[in-house]
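Good morning, and thank you for making time for this presentation. I would ask you to keep the sequence and the structure in view while I speak.

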Amino acid sequence: MVDFARSPRSTIGVEWELALIDGHSLDLAPAAEDLLAAVAEHTPDFENRIVGEMLTNTIELVTGVHTDVPGIAADLSEAMATLRTLTDPRGIELMCAGTHPFAQWQTQEIRPKDRYLELVDRTQWWGRNMLIYGVHVHVGIDSRDKVLPILNALLAYVPHLQALSASSPFWGGTDTGYASNRAMMFQQLPTAGLPFQFETWADYESYVEDMLKTGIIDHINEIRWDIRPSPHWGTVEVRVCDGVPTLEEISALTALIQCLVDDFSARLDAGETLPTMPDWFHAENKWRAARYGMEAIIIENAAADERLVTECLADEIERLGPTAERLGCLPELRSITALIERGVSYQRQREVFRTTGSLTEVTRSLIGDLRSSKPCAVPADRA
């Protein structure tokens, strides 16, 4: 049995992975262990909000449970300010994007935790290549029976979220040609990528039981899908997004995800059957969004109708307006329009590289974005 801990409907929590940067070279800095020790010594109230991840170049900010996006933003701002009291004196900068523009995976250190060491031992080259950063958004679900219908319906919005958050065009000093190279890399891990579509909770439980019995996983958290049930917390966890460099962007993404889940929940309460699409549509959409970003033409329904992802996003912002107003995140949802007009992160990074020819300057721009919490504009024709 997989017990699901029901949560108040549409409550939210966010995990934000940050890269630690050497202030002089702007390369990654293996400073997490020192910083975590400093958190424990100097700011112990933040030990559950400023945590480690797989690599020693990464710190993760974890919010509490909130009812609205402004609460999430305030929580992250407070944790960020606290973290900077420790990083600034050490000459460490903070950055967030799906990948660091020029850092090399071969030189990164893995934290000495059994679960990380076992992952790399099993996955070898691909595991050691996981020099990537993301944003995870949890949304509370008030009934276990809603979890899988909501998850299946959310799959249609993977390309929207992937394109809007795409921030990993560069990897290891190379322009990959993708808006989100992180999306392509992460799915190489066992149990990662798009989830299966299960009709009943019993089907999902059977899958988990088989995964445990065959030794593919030792714990349910090792199912690393782009969208997954999180039974311990009573949430659906959306893990699609690349790491994004500003608080404005993370607030916009959180608002869109919260509104979608709440809308689906309300439609289920009204007796509606939520729409689904074939698995191959979702796989194709994910690839298109990772490759083309905001220029992706996506499959938007089971009838195989196609439209530009920015047109689909505009319609969703309009459709979800009343939901956002009720949830208290209408400004954050509407800010998506301004983000698209200014250029999302992969577009801004490529514009910096076009004008400077320097990936160091691209990194510097990402550091600046995070400090200002608001992205700089790029010309609309720069993709």
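In which helix is the place of glycine 321? Glycine 321 belongs to helix α12, which covers residues 321-327. Please bear in mind throughout that this is a predicted model.

Is glycine 321 buried or exposed? Glycine 321 counts as buried, because its relative accessible area is 12%, and the cut-off for buried is under 20%. Apart from neighbours within four places in sequence, glycine 321 is in contact with Leu330 and Leu333. As for proline 331, which stands 10 residues away along the chain, its C-alpha atom is separated from that of glycine 321 by 9.6 Å.

As background, an α-helix has 3.6 residues a turn, so residues three or four places apart point the same way.

On the α2 side, the contact is made by Val69, Ala73, Leu76 and Ser77. From α9, the contributing residues are Leu247, Ile250, Ser251, Thr254, Ala255 and Gln258.

Let me now consider the aromatic residues. How many aromatic pairs are there? The count comes to 17 aromatic pairs. In one of these, tryptophan 125 and tryptophan 126 are arranged edge-to-face, at 5.0 Å centre to centre and with 80 degrees between the planes. Tryptophan 125 is partly exposed at 43% relative accessibility, and tryptophan 126 is partly exposed at 33%. A further edge-to-face pair is formed by tryptophan 280 and phenylalanine 281, with 4.5 Å centre to centre and 90 degrees between the planes. Here tryptophan 280 is exposed, with a relative accessible area of 57%, whereas phenylalanine 281 is buried at 6%.

Ring pairs also link Phe4, Phe196, Phe198, Trp201, Tyr204, Tyr207 and Trp225 into a cluster. Elsewhere on our list, the charged end of arginine 182 sits over the ring of phenylalanine 186, at 5.9 Å from its centre.

Phe4, a member of the ring cluster, leads us to serine 230, with which it is in contact. Serine 230 lies in strand β8, residues 227-230, and counts as buried at 6% relative accessibility. Leaving aside neighbours within four places in sequence, the contacts of serine 230 also include His138, Thr235 and Glu237.

Finally, I draw your attention to the backbone. Which value does phi take at serine 10? Phi of serine 10 is near 65 degrees, a positive value in a residue other than glycine. Serine 10 is placed in the segment before β1 and is buried, with a relative accessible area of 3%. Leucine 26 likewise has a positive phi, near 65 degrees. Leucine 26 is found in the loop between β1 and α1, and is buried with a relative accessible area of 3%.

Terms used. Residues numbered from 1 in each chain as written. Predicted model: local features only at pLDDT ≥ 70, side-chain atom pairs only at ≥ 80, totals over all residues. Heavy atoms only, no water. Helix = DSSP H or I, 4+ residues; strand = E, 2+ residues; numbered from the N terminus. Buried < 20%, exposed > 50% of the residue type's maximum accessible area, 1.4 Å probe, protein only. Contact = heavy atoms within 4.5 Å. Phe/Tyr/Trp six-rings, centres within 6.5 Å; stacked < 30°, edge-to-face > 60°. Lys NZ or Arg CZ within 6 Å of the ring centre and 35° of its normal.
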